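Biologist: Could you take me through this protein step by step? I would like to begin with the overall picture and then turn to details.

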Amino acid sequence: MKNKKTTIFVLLLVLILVPIIILYLLRGPRHIITNINKNPKVSESTVHLGEEYLDISYKVLEKEELTLDFYAPSKSNKTTWPLIIYIHGGSWAFGDKSIDDSFIPILNKLKEKGYAIASINYRLSSSDSSFPSPVEDCKDAIRWFYKNKDIYNIDTDNIGLLGVSSGAHLALLSSYSNENDFIGDESLSSYKSNIKYVIDYSGPTNFDINDIRSSDETSMSIIKNLLGEDNIYKEDLLNLASPINYIDSNSTPTLIIHGEKDSTVPIDQSIKLYEKGIDAGMNINLLKVANGDHSLSNIDYIDMIKIATETLRFIEKNK
């Protein structure tokens, strides 16, 4: 009886302490920025652990300059660093490379584990810019890191993408498409754009013309942001913009995280991508978040821990 009571006590202690320990490990400063270097003209001798380089130009266009932020690891014993590129959401029409508060603890933990983090701007949809421009920009940013790997100490065999909402859609397309697809800047076209893994938070995966015809006004408006007013019923363009159409057995390992109560991008989009990936024999995982909305802002403590833990586990497993 005494041994039984001891066993029960130990189990209860584990159940109480494990979530607290995980939360402690994930907890970091509220801001990812520590030592800021706003001078984009870095050299190999100036990129140091713990430093951050903001507003670095990676692509110059006729009407704008596209920039990225680079966060060196806070700790590392390696000469080259694995890199995770963060792609923001915003219905392809809003937002910038500022990192969402909800991801800062995860990214800080990854920096402590030796990962470099980058966050990129891309062309937002407007009357002058629509698909495939944002995908070209994302892939060109990857190519830019291949070109500048020695300056930023990047291990190009270990580059992952993490995208949110429309940014997840761009991350999936950037990962699944071929090397020569979506070339924007010809000066970067000779560089690779290989990705080791991709993490998709609530991203659209399939633009089916029948679904679009029956869409509500809000959904229709969002899709028009990506494709342009005159292209929304062009089936060949819809197929080209749908990550699900690129799936095969060699597709990039993928983690999908999606709320079951998402009314902006229905979870069925992720389920279909997952099922096609499984059928093709690729490495793909789906974490459904019960009661989670599109932004996952309404989830409880246990689900937050589950998402953070699964994200970190997937990255470590596939690095």
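Modeller: What follows goes from the whole chain to a few particular residues. Please keep in mind that this is a predicted model.

Biologist: How many helices and strands are there in the protein?

Modeller: The protein has nine helices and nine strands.

Biologist: And how much of it counts as buried?

Modeller: Of its 319 residues, 50% count as buried. The accessible surface of the protein is about 15,500 Å², and carbon and sulfur atoms contribute 51% of that area.

Biologist: What share of the contacts with a separation of 6 or more is between residues 24 or more positions apart?

Modeller: Such pairs make up 74% of those contacts.

Biologist: Now the backbone. Which residues does a cis peptide bond join?

Modeller: The cis bond links F131 and P132, with an omega of about 10°. P132 lies in the loop between β5 (116-120) and α3 (133-147).

Biologist: Another topic: what is the phi of S202?

Modeller: S202 has a phi near 60°, which is a positive value in a residue other than glycine. Its place is the loop that runs between β7 (197-201) and α5 (209-213).

Biologist: Is S202 buried or exposed?

Modeller: S202 is buried, because its relative accessible area is 1% and buried means under 20%.

Biologist: And where is L296?

Modeller: L296 sits in the loop between β9 (284-289) and α9 (301-318). L296 is not a glycine, yet its phi is positive, at about 60°. With a relative accessible area of 12%, L296 is buried.

Terms used
Residues numbered from 1 in each chain as written. Predicted model: local features only at pLDDT ≥ 70, side-chain atom pairs only at ≥ 80, totals over all residues. Heavy atoms only, no water. Helix = DSSP H or I, 4+ residues; strand = E, 2+ residues; numbered from the N terminus. Buried < 20%, exposed > 50% of the residue type's maximum accessible area, 1.4 Å probe, protein only. Contact = heavy atoms within 4.5 Å. Areas by Shrake-Rupley, 256 points an atom, 1.4 Å probe, with all protein chains shown as cover.
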